[in-house]
Amino acid sequence: MIIAVLSGKGGTGKTTVSTGLAAVIKPSQYIDCDVEEPNGAIFLKPLMCDPIPVKVGIPAVDKALCNGCGDCAKVCQFNAIAVVKGNVLIFPEICHHCGACYIACKQGVLYVDECIIGVIEKNERNTFVQGKLNIGEPVAVPVIKQLKKHQRTDIPVILDCSPGASCTVVQSISDADYCILVTEPTPFGLHDLEIAVGLAKKLRKPLGIVINKACKDNSLITDFCNREGIEVLMEIPYSPEIAQTYSRGDLPILADKRLTESFQSMFSRIKKRVKR
Ligand code: SF4
Ligand code: SF4
């Protein structure tokens, strides 16, 4: 079973929820798909093996054989190629590795140049995997695709996704059986939750909500959930002890023992929903 944990924006408690789940579901595999800022390792403290580079293909041109026709530039939807006075200029930073230019070049003078855009790191037992995109690299999807190759099928998998609703998130949750959306009971939290719910619904994923930093009145979120027919799976209380534990780099379940029980009961409910 693959459970994706996502949120409309960063800092809502996505990593609190995904690492908490990974800590109580034994055995399970945690995959940090937040490749621009992976931080699950801080809390789960895995012993990593050597990093595996993530390579992508960037087009390069054999200038001696190029006739300067410009077909490669015309087909590139990302403006990563320009042909100026018959000279081909390639901008690797904005290339999305789609491969269209190789097909468009009738002369067949474009070839693939490999470049490393990030790494995959995992522990020996393959229960912890994280992707890291190199700073300045604009396209994270190839790192997510590589991460997915290390996904296990014999134990539950927790995907800690990037915040937002970008193509990175779409790629991460494409094969998820269930989505947990983490939010806070504030107007900003609700706004971003609506975006995340829209994405999960569009992809026809079963979903539930976790309210982080829950207070006495969470009606802003619970009213929305009632209207949309979405289950509130769990509430994590607003608590200085949890915040302090988190800021020390420890799992919040250590600050409040009742959280372990709540995570276990949330997992049981999700299993039932997925089965149904
Ligand atoms: S691979 Fe795709 S994005 Fe990259 S230069 Fe070619 S057409 Fe443009
Ligand atoms: S399509 Fe091929 S031949 Fe034409 S400009 Fe591009 S690289 Fe040169």
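The following legends describe close-up views of a predicted model.

Local features are reported only where pLDDT is at least 70 and side-chain atom pairs only at pLDDT 80 or more, whereas totals for chains, interfaces and linings use all residues of this predicted model. Residues are numbered from 1 along each chain as its sequence is written, and chains are lettered from A and ligands numbered from 1 in the order in which they are written.

**Figure 1. Overview of the protein chain.** The chain contains 10 helices and 11 strands (DSSP runs numbered from the N terminus: helices are H or I with at least four residues, strands are E with at least two). Along the principal axes, the C-alpha atoms fill a box of roughly 70 × 45 × 35 Å. Of the 276 residues, 40% are buried (20 or more other C-beta atoms lie within 10 Å of the residue's own; 12 or fewer make a residue exposed, and values in between partly exposed, with C-beta atoms placed from the backbone). Among contacts with a separation of 6 or more, 72% involve residues 24 or more positions apart (a contact requires C-beta atoms, placed from the backbone, within 7 Å of each other).

Figure 2. Tyrosine 30 has isoleucine 158 of strand 8 as its bridge partner.

**Figure 3. Packing of helix 1 against helix 10.** Two packed helices are described by the angle between their axes and the distance between the axes. For helix 1 (residues 14–24) and helix 10 (residues 258–275), the angle is about 85° and the axes are 9 Å apart. The two helices are therefore roughly perpendicular to each other (65 to 115 degrees; under 35 counts as roughly parallel, over 145 as roughly antiparallel and the rest as oblique). Helix 1 contributes Gly20, Leu21 and Val24 to the contact, and helix 10 contributes Leu259, Thr260, Phe263, Gln264 and Phe267. These residues divide into five nonpolar, three polar and no charged (Ala, Val, Leu, Ile, Met, Phe, Trp, Tyr, Cys and Pro count as nonpolar, Asp, Glu, Lys and Arg as charged, and the others, Gly among them, as polar). Helix 1 is mostly covered, with 10 of its 11 residues buried; Lys14, Gly20 and Leu21 are among them.

**Figure 4. Surroundings of the two ligands.** Of the 13 residues around ligand 1, the nearest are Cys76, Ala80, Cys95, Cys98 and Cys101 (a residue is near a molecule if its C-beta atom, placed from the backbone, lies within 6 Å of it). The shell of ligand 1 comprises 10 nonpolar, three polar and no charged residues. Ligand 2 is surrounded by 15 residues, of which Cys66, Cys69, Asp71, Cys72 and Cys105 are the closest. The shell of ligand 2 comprises 10 nonpolar, four polar and one charged.

**Figure 5. Backbone features in loops.** Lysine 26 and proline 27 are joined by a cis peptide bond with omega of about -5°; proline 27 is located in the loop between helix 1 and strand 2. Lysine 45, in the loop between helix 2 (40–44) and strand 3, has a positive phi near 50° although it is a residue other than glycine. Lysine 45 counts as exposed because it has 12 C-beta neighbours inside 10 Å. Asparagine 79, in the loop between helix 3 (71–75) and strand 4 (81–84), likewise has a positive phi, near 55°. With 10 C-beta neighbours inside 10 Å, asparagine 79 counts as exposed.

Figure 6. Asparagine 123 is found in the loop between strand 6 (110–122) and strand 7 (128–133). The residue counts as partly exposed because 18 C-beta neighbours lie inside 10 Å. Beyond its neighbours within four places in sequence, asparagine 123 is in contact with Pro46, Leu47, Met48, Cys49 and Phe128.

Notes. Axes are lines fitted to C-alpha atoms, for helices over the stretch in contact, and angles run from 0 to 180 degrees between N-to-C directions. Two residues are in contact if their C-beta atoms, placed from the backbone, lie within 7 Å. Two strands pair if DSSP finds at least two bridges between them.
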